[in-house]
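This briefing is meant for a reader who is meeting the structure for the first time. Please keep the sequence and the 3D view at hand while reading.

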Amino acid sequence: MPPDQPTGYLIVSAVLFTIGVMGVLTRRNPLIQFMSIELMLNAVNLSFITFAHYLDSVDGWIFTFLVLTVAAAEVVVGLAIIVSIFRSRHNIDVDELNSMKG
Amino acid sequence: MHITGTTIAFLVLAVTATFSGLGVILFRNAVYSALSLILNLFSLALFFLVLNSLFLAVVQVLIYTGAIMVLFLFVVTMLAPDPSDTTEQRDPIRWQKGAAAGLGVILAGGVSYLLFITTLSPAAKASAEDSLSRMIDKVGSIQAFGLALFHGFLFPFEVTSVLLVVGLIGALVLGRRASRD
């Protein structure tokens, strides 16, 4: 399995991505939804690295690096939004966040 | 099947990654979820090591398990819900979790099946001239990464710096206390 074909790594990646999707769709705490998004991004990173290794090409590494930077920026802005929502409403249930205006 | 060190490492890491991933979405307490996510990201860093990408494994530990998860834990503990909060207990859509589990198994199973019946075509590999293994042999892993980043991907790299500045300014604007006007 691992030595000549990427199947095993890609299956792990697919399973992690599915777990992330389930987390975003079923949990109501936006922090956990955020963590699930991170899980999905990392699952994709794993398949990028797998393909970089098995196709013997550096492109997968570069993509992973860019995904890391985008994830960092996304987390900073997302957590700032969650904190400011918490400040104005004192609860963070995504089901109750149905208006764009505070 | 021939059992090698790589196979054992793969199996251990795959089990760790899957169960810590499940932990992220199943724990009720958000702090446990965050700790479980740290374990997950760390096992992915080890996956990167198994796949010969030293630099990205180190970056994964530094940025993800270091910086991003510290930020997460900070916000999780700052917004600690009071124990009487029953947000997650009451469930407006009762069949939701079961349906999610069933559909998730179908999705992961389908993708895994497709991955099982296909094989990687040798023609898809990079040509010997600019192959990664050749570059690693010639100049080393980190140098190969840097050469690719600053020669082939200079423009995306610069756009990334703009993105980071936008993220920084966005966090500043959102984090400011709203003026009372």
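The notes below go through confidence, the contact between the chains, individual helices and a few single residues.

The structure is a predicted model, and the predictor gives the complex an ipTM of 0.89 together with a pTM of 0.88. The contact between the two chains takes 63 residues from chain A and 67 residues from chain B.

**Confidence in chain B**

- The average pLDDT of chain B is 85, and 91% of the residues score at least 70.
- Among the elements of chain B, α2(B) has the highest mean pLDDT, at 93, whereas helix α5 of chain B, which covers residues 132-139, has the lowest, at 80.

**How the two chains meet**

- On the side of chain A that touches chain B, at least two residues come from each of α1 (7-26), α2 and α3 of chain A, and α3(A) gives the most to that side, with 20 residues.
- Two packed helices are described by the angle between their axes and the distance between the axes.
- α3(A) packs with helix α7 of chain B (residues 154-175) at an angle of about 10°, and the axes lie 9 Å apart; because angles under 35 degrees count as roughly parallel, α3(A) is roughly parallel to α7(B).
- In this contact, the residues of α3(A) are Leu66(A), Thr69(A), Val70(A), Ala73(A), Val76(A), Val77(A), Ala80(A), Ile81(A) and Ser84(A), while those of α7(B) include Pro156(B), Thr160(B), Leu163(B), Gly167(B), Gly170(B) and Leu174(B).
- α2(A) and α2(B) also pack, at an angle of about 5° and with their axes 11 Å apart, which means that α2(A) is roughly parallel to α2(B).
- Residues of α2(A) including Leu31(A), Ile32(A), Met35(A), Leu39(A), Asn42(A) and Ile49(A) take part in this meeting of the helices, and on α2(B) the residues include Ala30(B), Ser33(B), Leu37(B), Leu41(B), Phe47(B) and Phe48(B).

- The 25 residues of α2(A) should span 36 Å at 1.5 Å a residue, and the end C-alpha atoms of the helix are 36 Å apart, so the two values agree.
- α2(A) is mostly covered, as 19 of its 25 residues are buried.
- α2(A) is followed by Asp56(A), which is found in the loop between α2 and α3 of chain A.
- Most residues other than glycine have a negative phi.
- Asp56(A) is not a glycine and yet has a positive phi of about 60°; Asp56(A) counts as partly exposed because 19 other C-beta atoms lie within 10 Å, whereas a buried residue would need 20 or more.

- Asn52(B), found in the loop between α2 and α3 of chain B, has a positive phi of about 70° although it is not a glycine, and Asn52(B) is partly exposed, with 15 C-beta neighbours inside 10 Å.
- α3(B), made up of residues 54-78, has 25 residues and reaches 34 Å from its first C-alpha to its last, which is close to the 36 Å expected at 1.5 Å a residue.
- A bend of about 35° is found in α3(B) at Met69(B), and Met69(B) is one of the buried residues of this helix, among them also Leu56(B), Gln60(B), Tyr64(B), Ile68(B), Phe72(B) and Val76(B).
- The buried residues of α3(B) pack against α2 (30-54) and α3 (59-89) of chain A, together with α2 (30-50) of chain B.

**Two residues in helix α6 of chain B**

- Ala148(B) is found in helix α6 of chain B, which covers residues 141-151, and Ala148(B) is partly exposed, with 19 other C-beta atoms within 10 Å.
- Leaving aside neighbours within four places in sequence, Ala148(B) is in contact with Val58(A), Ile62(A) and Phe153(B).
- Ala148(B) and Ala128(B) are 20 residues apart along the chain, and their C-alpha atoms are separated by 16 Å.
- Gln143(B) is also found in helix α6 of chain B, and Gln143(B) counts as partly exposed, with 13 C-beta neighbours inside 10 Å.
- The C-alpha atoms of Gln143(B) and Leu115(B) are separated by 33 Å, with the two residues 28 residues apart along the chain.

Note on methods:
Residues are numbered from 1 along each chain as its sequence is written. Chains are lettered from A and ligands numbered from 1 in the order in which they are written. This is a predicted model: local features need pLDDT of at least 70, side-chain atom pairs count only at pLDDT 80 or more; totals for chains, interfaces and linings use all residues. Helices (H or I, at least four residues) and strands (E, at least two) are DSSP runs, numbered from the N terminus. The expected span of a helix is 1.5 Å times one less than its number of residues. The bend at a residue is the angle between axes fitted to the seven residues ending there and the seven starting there. A residue is buried if 20 or more other C-beta atoms lie within 10 Å of its own, exposed if 12 or fewer, and partly exposed in between; C-beta atoms are placed from the backbone. Two residues are in contact if their C-beta atoms, placed from the backbone, lie within 7 Å. pLDDT is the predictor's confidence in each residue, from 0 to 100. Axes are lines fitted to C-alpha atoms, for helices over the stretch in contact, and angles run from 0 to 180 degrees between N-to-C directions. Angles under 35 degrees count as roughly parallel, over 145 as roughly antiparallel, 65 to 115 as roughly perpendicular and the rest as oblique.
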